[in-house]
Amino acid sequence: MSAQIKNEIENRRTFAIISHPDAGKTTLTEKLLLFGGAIRDAGTVKGKKSGKFATSDWMEIEKQRGISVTSSVMQFDYDGNRVNILDTPGHQDFSEDTYRTLMAVDSAVMIIDVAKGIEAQTVKLFKVCKMRGIPIFTFINKMDRQGKEPLELMEELEEVLGIQSYAMNWPIGMGKEFLGIYDRFNKRVEPFRSEGDRFLPIDEDGELAVDHDMKNSSYYTQAMEDIQLLDEAGNEFSFERVKKGELTPVFFGSALANFGVQTFLETYLQFAPSPQPRMTQEEDIVDPVDTPFSGFVFKIQANMNPAHRDRIAFVRIVSGKFEKGMNVTLARTGKSFRLSQTTQFLADDREMVAEAVAGDIIGLHDVGNYQIGDTITSGKKFQFENLPQFTPELFVKVTAKNVMKQKHFHKGILQLVQEGAIQYYKTLHMEEVILGAVGQLQFEVFEHRMKNEYNVEVRMEPIGSKIARWIENEEDVKESMSSSRSMLVKDRFDNFVFLFENEFATRWFQDKNPGIRLYSLL
């Protein structure tokens, strides 16, 4: 591989932003894009009255509700680096999409609301990052509002998440008395809403080296005492421990006020990893630089362009270089084809891409070839590790309100199911359609998209929560095993699945049919 391509790969930074809903994830994304020159005017999620919406929220329902329900991909250049941001859904009903997205990144940025601290969804997403051992950078947001004491938040990181932390900067006051941040790493003070210099120097003793009103404030005195405590009793900064996901660098700021974001971005780019090797199912390691082109599909999205009813398969390039028109092999089927129509993203803005390297995310126009988790290679055939798939917990029977629209109904379901947020089942004889999901919001999004993207109104009949179990030895399953408490259905791959009423029904079935080996997804 040429030195130029190797350099391009080493300059890639691919990360996801994770948080609980409303912590400011989409707003931070907007500001990062602003610094990258990708957009001129940052919208906010709460843009309903102004008509100005966040760039990364492109789906109609996201604009109406002010939430992110899909993972957006955005790319920009900054200071010699090519940055790929994956903005993930914060809502817990879409955690499966987020989990898969986390398999496609090399680091994560965790946003914490200063007033709420570490919330439930943040804990779940953190565990996935921890499981993968990926570096985590923490941005404590909304410092221009009243919240928890900074030292208390640092303690929460260690006690709730079990990760040690290092404060890269430290807030001086908060809320209406937020005066700025003391930048420990860059050894300077950044005043909040200052008319003068953006940065103020500090002297050898760590004090402000210039006269400033801030020095007369008790908040400044408190910050200096906190910093002295951190210097004496806090964790030491270790790049090696950051890389292993054992230590999280912590930054304070306000995404909405666009304060502390640029400092965070510049420091993050210094320490975030370039594209990392990935493991195959055969337990071989695929090196980004020393291996021909390979990648895997971590997401499929229908109707990003409603005018064309298109489908895009999102591919994380793991190794080598992609070139338009190159021949690749789809590992699952063994089929080879040319990659001619490929795109890169700024939310719903796309442009054709001729070249991309390891670390980049590209979109392949999909006519039904791809499934989530597929591996494509230009060299020898292999398969990357499986992506997580969740066992659904809620189920509904779905029919089209207008029987004349059956064709559109089945097409819409097929395409939306392939995105992975909902799962498809059918009864054995009547072939009634049953959908399963992790959360109720997924059904609402499905209903909305069927109406708006496929012009089909659907009727959804809840059948409640069920325990779904697949069967290892399908050849031993008989239809007579089905009952009112254990419905036998088929999934979209024609595998048998039992939908049990509850844990008692599951145990009763197992006692009665000990030879049937059941299993669940994640």
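Select Leu394 in strand β24 (residues 394-400), where Leu394 stands opposite Ser465 of β27. Strands are DSSP runs of E with at least two residues, and helices are runs of H or I with at least four, numbered from the N terminus. This is a predicted model, in which local features need pLDDT of at least 70, side-chain atom pairs count only at pLDDT 80 or more, and totals for chains, interfaces and linings use all residues. Residues are numbered from 1 along each chain as its sequence is written, and side-chain values use heavy atoms, without hydrogens and water.

Now select Asp374 and Arg332, whose side chains form a salt bridge (2.7 Å, N to O); the term denotes a side-chain nitrogen of Lys or Arg within 4 Å of a carboxyl oxygen of Asp or Glu. Asp374 lies in the loop between β22 and β23 and Arg332 in the loop between β17 and β18, so the pair ties together parts 42 residues apart in sequence. Asp374 is buried at 3% relative accessible area, whereas Arg332 is partly exposed at 37%. Buried means under 20%, exposed over 50%, and partly exposed in between (1.4 Å probe, protein chains only).

Finally, select Glu156 and Lys148, a salt bridge with its closest N and O atoms 2.6 Å apart.

Notes: Pairing = 2+ DSSP bridges.
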